[in-house]
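Look at the structure below and follow the charged side chains and the packed helices. The report takes up some pairs of side chains and then a pair of helices.

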Amino acid sequence: WISGGGATWESGVCVAPSFLAAYGRAAMGGGASKRRAWERMWHLTTNVEDDRGEQYLQVFPVWSIAITRNQRQLASATSDNRINLWCLVTQTLLIALVGHADTIWKLSYSPDDMLLASASSDGTVRLWEVATGLPVLTLPRHHANWVISLAWSPDGSRFATGGSDARILVWDALEAVEATQRVADAAAIANEAGDYDPHAQDELREELYNAELAKRPLVFWQGHEKSVQDLCFAPTEGKMLVSVGAEGTLAVWDSESGQLDCRLMGHVGQINCCAVSPVNEELIATGGEDHTVRLWDLADVDPGSTAAKQSREKAIGLNLAHFSLKGHTEAVTVCRFIGDGRILASASKDCEVRVWLPNMQNPSLLAKFAAHEAWVRDLQWTTDQKALYTAASDGMVFAWEVPKKYHASPWQLEKAMKVPQRAERIE
């Protein structure tokens, strides 16, 4: 949005009157006597201001954000098809990454913070080096159209992508990157040797061939009847992959074989997002166009059970009993568990963020607040659980302070900072 008509300038952000009314004095920062929960701390934006800094002349909606595990960098994908890398220590823009030719729908850092993956409507998936912002590789177009969703496996060895072609692809990220590096090394040797060393040229051709093989998906399958809107690996079970589709089903897969474990339904219309609890892989949250967040317990559909078999046989899945969390007045666009799984945040086209207590006996609303003046597109928790970042089509990324009782303890933080060991690769 471009503010005007009595909009107020506060702390370098152009804020509409309705926005200030929603926050009250605490949001304004000046004269507030009582510190409020979920207070906005700072913002990041690439929106273009006018000469007087009173309004935005140009707004670049933010489609997706990602935060490194070490909490030093945030990436945001904006409507100008750029990926902006921000330093969270100084809250300044480091560099804008250019390469995608169309909308970038999803960003995700690898668990070791070395790589950033991006998925785009241009049909490509790109990997970038976090430390330098340099492109590492572009994976070949194996999706027939837009690439909408992307998720890393817990150990960072693989990642999955989902597209508007309804397919799910799993890639060997580690091997693809290593093969690309071997090509660069072989090319340097061949260039230095020139025509005097035919063996060096043969080595280069072989590495090029191997690199092309490494960039092919390990396995792929049709996951849904319509677009794959979101993907999520179970943090505690590396093989388990969850997907949601525009036709309104939730599916659980074995990511190594592409075998369907179960398919569930319950939302009315498209499901937009999914999240797996970090402490219990049987607890899944989804959000949809029907304005609801839903909690599912997979303990009720063990892979060998009759219910699971029935869910696999039905194209629309099994209508499993589940909790429906109501309150949002527009479509739910994103939902994410905090690192220790104690709370769940959801955001919506209604511009609000709601924070839930995902207790499977009696889930309830913990807090809600107006976060933006436009659709909230994405949100991310920090590893230390002290901040929640939100991004919206108003071009703003806001940092919100999480109540102290939900901060990670020192031992929790130490555990969360450790990257899971990669599984042994079977040749």
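In this predicted model, R167 is partly exposed, with a relative accessible area of 23%. The side chain of R167 meets that of D165 in a salt bridge, with 3.5 Å from N to O. D165 has 18% relative accessibility, and because buried means under 20%, D165 counts as buried.

A second pair is formed by K215 and E212, whose closest N and O atoms are 3.5 Å apart in a salt bridge. Here K215 counts as buried at 15% relative accessibility, whereas E212 is partly exposed, with a relative accessible area of 44%.

Are D378 and R336 buried or exposed? Both residues are buried.

| Salt bridge | N to O distance |
|---|---|
| D165 and R167 | 3.5 Å |
| K215 and E212 | 3.5 Å |

The structure holds 12 salt bridges. Some of them share partners, and in this way E175, R182 and E207 are joined into one network.

E175 and R182 belong to the α3 side of the contact with α4, and E207 belongs to the α4 side.

Two packed helices are described by the angle between their axes and the distance between the axes. How do the axes of α3 and α4 cross, and within what distance do they come? Helix α3 spans residues 173-193 and helix α4 spans residues 198-214. Their axes come within 8 Å and cross at roughly 160°. Angles over 145 degrees count as roughly antiparallel, and α3 and α4 are therefore roughly antiparallel to each other. The crossing of the two helices is left-handed.

On the α3 side, the residues in contact include A176, A179, V183, A186 and I189. On the α4 side they include A200, Q201, L204, L208 and A211. Sorted by class, the contact of α3 with α4 has 13 nonpolar residues, one polar residue and three charged residues.

How values were computed:
Residues are numbered from 1 along each chain as its sequence is written. This is a predicted model: local features need pLDDT of at least 70, side-chain atom pairs count only at pLDDT 80 or more; totals for chains, interfaces and linings use all residues. Side-chain values use heavy atoms; hydrogens and water are left out. Axes are lines fitted to C-alpha atoms, for helices over the stretch in contact, and angles run from 0 to 180 degrees between N-to-C directions. Helices (H or I, at least four residues) and strands (E, at least two) are DSSP runs, numbered from the N terminus. Angles under 35 degrees count as roughly parallel, over 145 as roughly antiparallel, 65 to 115 as roughly perpendicular and the rest as oblique. A crossing is left-handed if the near helix is turned anticlockwise from the far one by less than a right angle, and right-handed if clockwise. Contact means heavy atoms within 4.5 Å. Ala, Val, Leu, Ile, Met, Phe, Trp, Tyr, Cys and Pro count as nonpolar, Asp, Glu, Lys and Arg as charged, and the others, Gly among them, as polar. A salt bridge is a side-chain nitrogen of Lys or Arg within 4 Å of a carboxyl oxygen of Asp or Glu. Buried means under 20% relative accessible area, exposed over 50%, partly exposed in between (1.4 Å probe, protein chains only).
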